[in-house]
Amino acid sequence: MNIDISFFIAVASAVAAIASAYAAFAALRISRESAAISKASSLAGHHGPASLAYTKVVNDFKDVTHDLYDCSSTLLNRWGREIGSKDHRSRGGVNPRPLRHVLCNGYMMTMQYGLSRHSMRHTLISVLQNGMYDFSDTEYQKLLSRVDNTYDDVEGVLGTPSTRLITQSSAFRWICYQLIKRISHGEWQNIWRGSWDENGWLTQYQNEYVKVKPVLEAARKTLLDEKARLEHTALPLSKNTELFNKYNEAMSAINNILECSDMAYLQAHDSPILKEEYCLLVLCAMTSVQLTYYKINQLNGFDDYC
């Protein structure tokens with residue numbers, strides 16, 4: 001029997017080529033894995049101090065904000081209930097939501113609007129500056145015809161604020177109309193000014209904020225210094241995606257609290273010309289407190305608003 005040796009040579013060559021290709025592929029994979037391990041090792045070594053600084057900031061943050069967190073939670077719950085006890089509910093239409101729920105809808109809506117535009121302080125100032133000076137009973141009746149007797153979240157009926165100014169959105173204006181209609185101007189003024197008595201809610205809150213402010217400022221400086229130290233090196237912090245995102249999240253939380261938790265800027269807006277606007281001072285104060293509560297929760301690993 002004649003055997004064609006060339007056939008076996010061809011098969012052997014093909015097998016050898018496949019084996020060679022596989023070996024090259026395996027070598028490439030190992031090379032990539034080695035490079036990834038090397039890069040991870042380099043990042044870990046280069047960013048080790050930054051990682052330790054972040055861990056210390058977060059741990060210190062948790063310890064130093066504990067009382068402020070508890071105060072914020074208590075204020076939102078108990079002050080909201082106290083305000084709700086002054087509600088003239090029959091003025092709010094047919095089967096209206098309890099006023100403390102309306103107030104909660106208002107400060108949650110305002111916080112989410114401000115955060116979505118990355119300008120919380122500007123949002124609160126715009127609420128106070130633009131306010132409800134164009135109060136119209138005609139507009140109120142028009143909104144009442146849409147919302148009355150629904151008992152649902154107002155944004156589910158009137159839509160989430162998406163305009164340039166939150167004070168122009170129907171949902172926010174409905175909240176304000178309810179606050180103005182169901183508690184008188186004089187009562188809102190007493191609520192606001194009473195909160196600044198020696199043991200008032202905002203006095204208690206401000207006292208806790210003053211305690212943590214210098215620690216938060218120091219923490220922010222630590223994070224900024226670490227980012228700056230690495231900025232012009234071979235491996236800036238942005239090369240370490242996970243740590244970079246943690247830094248940004250921590251900076252955002254600290255900046256938000258420092259920017260909006262100091263109630264002094266709200267006190268500066270207390271004026272005899274406010275008239276119905278005292279309810280907006282209360283709304284903005286509770287928005288700031290809710291923001292503090294949320295950001296402390298977020299940095300501690302919880303992303304719940306409440």
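Where is the place of Ser 169? Ser 169 sits in the loop between helix 7 (154–158) and helix 8 (170–182). The model described here is predicted.

**Ser 169**
- Ser 169 counts as buried because its relative accessibility is 5%, and the cut-off for buried is under 20%.
- The side chain of Ser 169 reaches the backbone nitrogen of Phe 172 at 3.3 Å.

**The largest nonpolar core**
- The largest nonpolar core has 82 residues, of which Trp 79, Ile 83, Trp 188 and Leu 266 touch the most other members.
- Helix 13 (residues 278–299) supplies the largest share of this core, with 15 residues.
- Leaving aside neighbours within four places in sequence, Trp 188 is in contact with Ile 83, Leu 179, Ile 180, Ile 183, Tyr 278, Cys 279 and Val 282.
- In soluble globular proteins, nonpolar side chains tend to be buried together.

**Helix 10 and helix 11**
- The axes of helix 10 (residues 201–231) and helix 11 (residues 241–260) come within 10 Å of each other and cross at roughly 150°.
- The crossing of helix 10 with helix 11 is left-handed.
- On helix 10, the residues making the contact include Tyr 209, Lys 213, Leu 216, Glu 217 and Arg 220.
- On helix 11, the residues making the contact include Phe 244, Tyr 247, Met 251, Ile 254 and Leu 258.
- By class, the contact of helix 10 with helix 11 has 12 nonpolar, 2 polar and 5 charged residues.

Conventions. Residues are numbered from 1 along each chain as its sequence is written. This is a predicted model: local features need pLDDT of at least 70, side-chain atom pairs count only at pLDDT 80 or more; totals for chains, interfaces and linings use all residues. Side-chain values use heavy atoms; hydrogens and water are left out. Axes are lines fitted to C-alpha atoms, for helices over the stretch in contact, and angles run from 0 to 180 degrees between N-to-C directions. Helices (H or I, at least four residues) and strands (E, at least two) are DSSP runs, numbered from the N terminus. A crossing is left-handed if the near helix is turned anticlockwise from the far one by less than a right angle, and right-handed if clockwise. Contact means heavy atoms within 4.5 Å. Ala, Val, Leu, Ile, Met, Phe, Trp, Tyr, Cys and Pro count as nonpolar, Asp, Glu, Lys and Arg as charged, and the others, Gly among them, as polar. Buried means under 20% relative accessible area, exposed over 50%, partly exposed in between (1.4 Å probe, protein chains only). A polar contact is a pair of N or O atoms within 3.5 Å; within protein, one must be able to donate a hydrogen and the other to accept it, and residues adjacent in sequence count only if both atoms are side-chain atoms. A nonpolar core is a set of buried Ala, Val, Leu, Ile, Met, Phe, Trp, Tyr and Cys residues joined through side-chain atoms within 4.5 Å.
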